[in-house]
Amino acid sequence: MSVPDGLKPERTREEAFSIASAAAAYRARVGHLEVPCGHVETVTAFDGWPEEVRLGVWITTARSRGQP
């Protein structure tokens, strides 16, 4: 995976949440969203930078807050 040159730009809160598309990638690959709590998904963010998303923690937190 190629990484753009230069410093990694800071993201706004909205941009960071757009990385939640990692859940869709995980589901497409595995077929479900029963994600282990410690799972980390690496995705390419909107700006071309690889981003590690703590998907297991994100899913667990969303479910505990009553979100689908």
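Guide: What follows is a set of questions about the words used for this chain, with the values behind them. This is a predicted model, in which local features need pLDDT of at least 70 and side-chain atom pairs count only at pLDDT 80 or more, while totals for chains, interfaces and linings use all residues. Residues are numbered from 1 along each chain as its sequence is written, and side-chain values use heavy atoms, with hydrogens and water left out.

Visitor: What elements does the chain have, and in what order do they run?

Guide: The chain has three helices and two strands, and from the N terminus on they run α-α-β-β-α. Helices (H or I, at least four residues) and strands (E, at least two) are DSSP runs, numbered from the N terminus.

Visitor: Why is alanine 23 called buried?

Guide: Buried means under 20% relative accessible area, exposed means over 50%, and partly exposed lies in between (1.4 Å probe, protein chains only). Alanine 23 has a relative accessible area of 10%, so it counts as buried. This alanine is found in helix 2. Of the 68 residues of the chain, 22% count as buried.

Visitor: And why is valine 40 called partly exposed?

Guide: Valine 40 has a relative accessibility of 39%, so it belongs to the partly exposed class. Valine 40 sits in the loop between helix 2 and strand 1.

Visitor: What does valine 40 contact, beyond its neighbours within four places in sequence?

Guide: Contact means heavy atoms within 4.5 Å. By that rule valine 40 is in contact with Glu52, Val53 and Arg54. For alanine 23, not counting residues up to four places away in sequence, the residues touched are Leu33, Leu55 and Ile59.

Visitor: How do you know that the buried residues of helix 2 line one face?

Guide: In helix 2 (residues 22-30), the buried residues are Ala22, Ala23 and Tyr26. Seen down the axis, they fall within an arc of 100 degrees, so they line one face of the helix. The arc is that of the directions from the helix axis to the C-beta atoms. On the other side of helix 2, Ala24, Arg27 and Ala28 are exposed. The cover over the buried residues of helix 2 includes strand 1, strand 2 and helix 3 (55-64).

Visitor: What puts the buried residues of helix 3 on the same side?

Guide: In helix 3 the buried residues are Leu55, Gly56, Ile59 and Ala62. They cover an arc of only 135 degrees around the axis, so they are on the same side of helix 3. These buried residues pack against helix 2, strand 1 and strand 2.

Visitor: What makes strand 1 and strand 2 a pair?

Guide: Two strands pair if DSSP finds at least two bridges between them. Here four bridges join strand 1 to strand 2 (residues 50-53), and the two run antiparallel. Valine 43 stands opposite glutamate 51, and threonine 44 stands opposite proline 50.

Visitor: Why is glutamate 41 called buried?

Guide: Glutamate 41 has a relative accessible area of 5%, so it is buried. Leaving aside neighbours within four places in sequence, its contacts include Ala22, Tyr26 and Leu55.

Visitor: What makes the pair of glutamate 41 and histidine 39 a polar contact?

Guide: A polar contact is a pair of N or O atoms within 3.5 Å; within protein, one must be able to donate a hydrogen and the other to accept it, and residues adjacent in sequence count only if both atoms are side-chain atoms. The side chains of glutamate 41 and histidine 39 make such a contact at 2.7 Å.

Visitor: Which residues make up the largest nonpolar core?

Guide: A nonpolar core is a set of buried Ala, Val, Leu, Ile, Met, Phe, Trp, Tyr and Cys residues joined through side-chain atoms within 4.5 Å. The largest one has eight residues: Ala22, Ala23, Tyr26, Val35, Val43, Val53, Leu55 and Ile59. Its largest share, three residues, comes from helix 2.
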